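Biologist: I'd like to go through this model and ask what lies behind each term. Could you show it to me?

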Amino acid sequence: MSLVEQWKVIQSNLPEGWTGAQLRLAVEDEPERASAMLAPAGAGRHGNIVTFRVGRGGVGSSPDLVMRLLKRLDAERLHGSLTLAKPVESVASVGVASRRAPLGEQWQEALAALPADWSDLYAEIELDSSDYLERGALLLAPVNPARVKGWQGYRFRVARRFGYGASGEMTHRCLERLDGERISGSFRVLRALSDTKPVYTQGPVWYVGGRAV
């Protein structure tokens, strides 16, 4: 069954009033390529498993975007098994989402989950409303945020000691600026490296969607 058909089956079985879901794609071949093609949906990869988020009402990547991306994978004959990775979010869970920690606290929680020797991060902030994009970009300017087409948020790099990326302290201050203006959202670490030692470079390079970040 094609990935598009698998997504149609999953979507038809989602409960009425669903708002968001995490999808899990077990890729048969070329998982790096599949992850890169799914980058607009915020894809993350571990081995041959690629996870990404879909949502409605501005929460996560839209179902239409996910459909388009999966069509591209089918056209490139990148086969795999698509399943739900987490319980589906629905209207009933909105109250829980509203109690989410401020972005500054989310940053501290993310750091606590990282290895003690982490050195480089590629992270994202998904804003709760497109109304926050313009002001959010200004407040996040010191971390050099990058927009992703078709998605309401920003991605950026963090360097702990040296190299390319904002410092952890600056990242925390920028997130607290968002909190101070009641700009809400979700902070996530997409990729992390530990104890890197660049020689005659500004640090490691990640490739997302065929582009260096």
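Modeller: The strands themselves (E, at least two residues) and the helices (H or I, at least four) are DSSP runs, numbered from the N terminus. Keep in mind that this is a predicted model, where local features need pLDDT of at least 70 and side-chain atom pairs count only at pLDDT 80 or more, while totals for chains, interfaces and linings use all residues. Residues are numbered from 1 along each chain as its sequence is written, and side-chain values use heavy atoms, with hydrogens and water left out.

Biologist: What makes strand 6 and strand 8 a pair?

Modeller: DSSP needs at least two bridges, and strand 6 (residues 118-127) and strand 8 have seven, in the antiparallel sense. One example is Asp120, whose bridge partner in strand 8 is Ala159.

Biologist: And how do you know that strand 7 pairs with strand 8?

Modeller: Strand 7 (residues 146-147) has two antiparallel bridges to strand 8, and at least two is the requirement, so they pair. Arg147 stands opposite Tyr154 of strand 8.

Biologist: Which order do the strands take in the open sheet?

Modeller: The order is 7-8-6-9, four strands with antiparallel pairing. Why call strand 7 and strand 9 (185-194) edge strands? Each pairs on one side only.

Biologist: Why is strand 8 called largely enclosed?

Modeller: Buried means under 20% relative accessible area, against over 50% for exposed and partly exposed in between (1.4 Å probe, protein chains only). Seven of the seven residues of strand 8 (153-159) are buried, so the rest of the structure largely encloses it. In a regular strand, side chains alternate between the two faces of the sheet. Here Gly153, Arg155, Arg157 and Ala159 point one way, and Tyr154, Phe156 and Val158 the other.

Biologist: How do you describe the packing of helix 5 and helix 7?

Modeller: Two packed helices are described by the angle between their axes and the distance between the axes. Axes are lines fitted to C-alpha atoms, for helices over the stretch in contact, with angles from 0 to 180 degrees between N-to-C directions. For helix 5 and helix 7, the axes come within 7 Å and cross at roughly 150°. Residues that meet include Trp107 in helix 5 and Leu175 in helix 7.

Biologist: What does "nonpolar core" stand for?

Modeller: A nonpolar core is a set of buried Ala, Val, Leu, Ile, Met, Phe, Trp, Tyr and Cys residues joined through side-chain atoms within 4.5 Å. The largest one has 25 residues, with Trp7, Leu23 and Phe52 among those with the most contacts inside it. Helix 3 (63-75) gives the largest share of this core, six residues. A second, separate core of 22 residues includes Leu127 and Phe156.

Terms used. Contact = heavy atoms within 4.5 Å.
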